[in-house]
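I am opening a new page for a structure I have not looked at before. My plan is to start with the whole chain and then go to single residues.

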Amino acid sequence: MTDAQTGLMVATPVIIGFSIALYRMGVLQRYSTAVAVMASVVVAGVLFFQQ
């Protein structure tokens, strides 16, 4: 596994965690949280397999 793939494996859960935390604090709506989580997973998946 390359350094970029390792970075994606670390950064994606952090992004998901922040979006869930922002949802629980009332900053984000449910739809926005779902979009943020889905987008981060899709982007990480695409970048992971293109490396």
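**Overall surface and shape**

I looked up the accessible surface of the protein, which comes to about 3900 Å², and 72% of it belongs to carbon and sulfur atoms. I note that this is a predicted model, so I keep in mind that local features need pLDDT of at least 70. Taken along the principal axes, the C-alpha atoms of the protein fill a box of roughly 35 × 15 × 10 Å. I then looked for secondary structure and found two helices and zero strands. Of the 51 residues of the protein, 14% count as buried.

Which residues of helix 2 are buried? I found Thr33, Ser40 and Ala44. These cover an arc of only 35 degrees around the axis, which puts them on the same side of helix 2. When I looked at what these buried residues pack against, I found helix 1, residues 3-25. On the other side of helix 2, I listed Tyr31, Met38, Val42, Phe49 and Gln50 as exposed.

**Threonine 33**

Is threonine 33 buried or exposed? Its relative accessibility is 9%, and since buried means under 20%, threonine 33 counts as buried. Leaving out residues up to four places away in sequence, I found that threonine 33 touches Ser19, Ile20, Tyr23 and Leu28.

**Glycine 45**

I next turned to glycine 45, which also lies in helix 2. Its relative accessibility is 24%, which is why glycine 45 counts as partly exposed, a class that runs between the 20% and 50% limits. I also looked up how glycine 45 is placed relative to threonine 12: the two are 33 residues apart in sequence, while their C-alpha atoms are 9.7 Å apart in space.

**A nonpolar patch**

Which residues make the nonpolar surface patch of about 570 Å²? I found that Met1, Met9, Val10, Val14 and Phe18 make it. One of these, methionine 9, is found in helix 1.

Terms used. Residues numbered from 1 in each chain as written. Predicted model: local features only at pLDDT ≥ 70, side-chain atom pairs only at ≥ 80, totals over all residues. Heavy atoms only, no water. Buried < 20%, exposed > 50% of the residue type's maximum accessible area, 1.4 Å probe, protein only. Helix = DSSP H or I, 4+ residues; strand = E, 2+ residues; numbered from the N terminus. Arc of directions from axis to C-beta. Contact = heavy atoms within 4.5 Å. Patch = residues over 30% accessible without salt bridge, like charges linked within 9 Å, V, L, I, M, F, W, Y side chains within 5 Å. Areas by Shrake-Rupley, 256 points an atom, 1.4 Å probe, with all protein chains shown as cover. Salt bridge = Lys/Arg side-chain N within 4 Å of Asp/Glu carboxyl O.
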